[in-house]
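Me: I would like to go through this structure and ask, for each label attached to it, what the label rests on.

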Amino acid sequence: MQPKAYTLTLNQVEQDLQSLGNAPDTAGLVLNLIYRSRHKSFEQYSQLSKKARDHFKENYAHELPTIVRRQNSTDGTVKLLLGLEDGESVESVLLPFYKKYTLCVSSQVGCAMNCKFCFTATQGFKRNLRPHEIIGQVLKAKEVLKEMGEKRDIANVVFMGQGEPLHNFEALKEAISILTEPKGLGLGKRSITVSTSGYLPGLKRFEELGGVNLALSLHSTNDEVRSRLIPINNRYPLNDVLAQIDRLERHERQTVEYEYLLIDDLNDSKEDAKDLARVLNTRTHMINIIPFNPFPGSEFKRPAPERVEEFKQWLVEEDARVMVRKTKGDDILAACGQLKS
Ligand code: SF4
């Protein structure tokens, strides 16, 4: 099987051009054509010499994943189920925010972490995505926006879809370096967020990702409750995870966000709020409260809106920095924790 053109780096293109006797300084143009212009085939890349066009056509595949299903939410969210070459599929979600879109991408087919609040967990772990399958989600989503006649583009990519991204570290790292290549897709490091359930081996390597934002699924400061929600907390307890995050060398404006899934009658008491503030107030933090999003067969319930507001106020009273994430796409099972392929 041919490698995909949309994993090519500047260095690789320069080497290819040199081997053809072409000036390597056109490598930026090649990346621009592959990642931004996205014509249907290499033949349409008329800015390149015929020799270069033939070379890329013969050696690299151009096709993106196929759309198996597309669902549009009433709030503008678009969920894509994308078909991969081996018959597996993954979901990506386009979320509109004012003048831009955020794209939520998947990093694995299924997931091994088995979090009890997550629909993906019910399908088990099938396999890691390869870098081109991650980049393919971004390029396909861009194509969909273009077809929709949408002027707004994807400004942020969040690894919050199916899979634990730090459990697929090498592919994640390669995908991030492709996403942030200035002559390619050109996303800024701070426009990318990697969310983890607290997978410590990956967190120990987090600095290798070059300064992208981090989000930790915290959900409870009580190890018993957290282990019930996120079983790998038994192996990598919260204290160890937080200590590792504290050790990370942060770049300017690089953020760490603590996600707190609020579940009715499980982690939504005043005591829970006080404990959360106590644990995080000694750290630079932002707490993102996510009211639980139900899915078929889920054992938990979303708290009433009044309780969500009350919980937020309890945190504010404790001087914690907090916001409530607006639920998007839950009518098409596209909200946080609702993806399944
Ligand atoms: S929440 Fe994330 S890490 Fe946990 S099972 Fe779902 S996809 Fe995996």
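**Labels and what they rest on**

Reply: Arg152 touches Pro96, Tyr98, Lys99, Lys100, Tyr101 and Leu145, leaving aside residues up to four places away in sequence, where contact means heavy atoms within 4.5 Å. This is a predicted model, in which local features need pLDDT of at least 70 and side-chain atom pairs count only at pLDDT 80 or more, while totals for chains, interfaces and linings use all residues. Residues are numbered from 1 along each chain as its sequence is written, and side-chain values use heavy atoms, with hydrogens and water left out.

Me: Why is Arg152 called partly exposed?

Reply: Buried means under 20% relative accessible area, exposed means over 50%, and partly exposed is what lies in between (1.4 Å probe, protein chains only). Arg152 has a relative accessible area of 27%, and therefore it is partly exposed. Arg152 is found in the loop between H4 and E7, and its C-alpha atom is separated by 6.0 Å from that of Lys99, 53 residues apart along the chain.

Me: What makes Asp153 count as buried, partly exposed or exposed?

Reply: Asp153 has 37% relative accessibility, so it counts as partly exposed. Asp153 lies in the loop between helix H4 (131-147) and strand E7 (154-159), where helices (H or I, at least four residues) and strands (E, at least two) are DSSP runs numbered from the N terminus. Not counting residues up to four places away in sequence, Asp153 touches Lys100, Tyr101, Lys142 and Leu145.

Me: Why is H1 called oblique to H3?

Reply: Helix H1 (residues 10-19) and helix H3 (residues 50-59) pack at an angle of about 125 degrees, with their axes 10 Å apart. That angle makes H1 oblique to H3, because angles under 35 degrees count as roughly parallel, over 145 as roughly antiparallel, 65 to 115 as roughly perpendicular and the rest as oblique. The axes are lines fitted to C-alpha atoms, for helices over the stretch in contact, and angles run from 0 to 180 degrees between N-to-C directions.

Me: Which residues make the contact between H1 and H3?

Reply: Val13, Asp16 and Leu17 of H1 meet Ala52, His55 and Phe56 of H3. By class, this contact has 4 nonpolar, 1 polar and 1 charged residues, with Ala, Val, Leu, Ile, Met, Phe, Trp, Tyr, Cys and Pro counted as nonpolar, Asp, Glu, Lys and Arg as charged, and the others, Gly among them, as polar.

Me: What makes the phi of Asn114 worth noting?

Reply: Phi of Asn114 is near 60 degrees, a positive value in a residue other than glycine. Most residues other than glycine have a negative phi. Asn114 is also one of the residues around the ligand, which are those with a heavy atom within 4 Å of it, and by class that shell has 6 nonpolar, 4 polar and no charged residues.

Me: How do you know that Arg253 is exposed?

Reply: The relative accessible area of Arg253 is 65%, and so Arg253 is exposed. Arg253 lies in the loop between helix H8 (238-247) and strand E10 (256-262), and its phi, near 65 degrees, is likewise a positive value in a residue other than glycine.

Me: Why does Ser217 count as buried?

Reply: Ser217 counts as buried because its relative accessibility is 10%. Ser217 lies in strand E9 (residues 213-217), and, not counting residues up to four places away in sequence, it touches Ser195, Thr196, Ser197, Arg226, Ile230 and Glu259.
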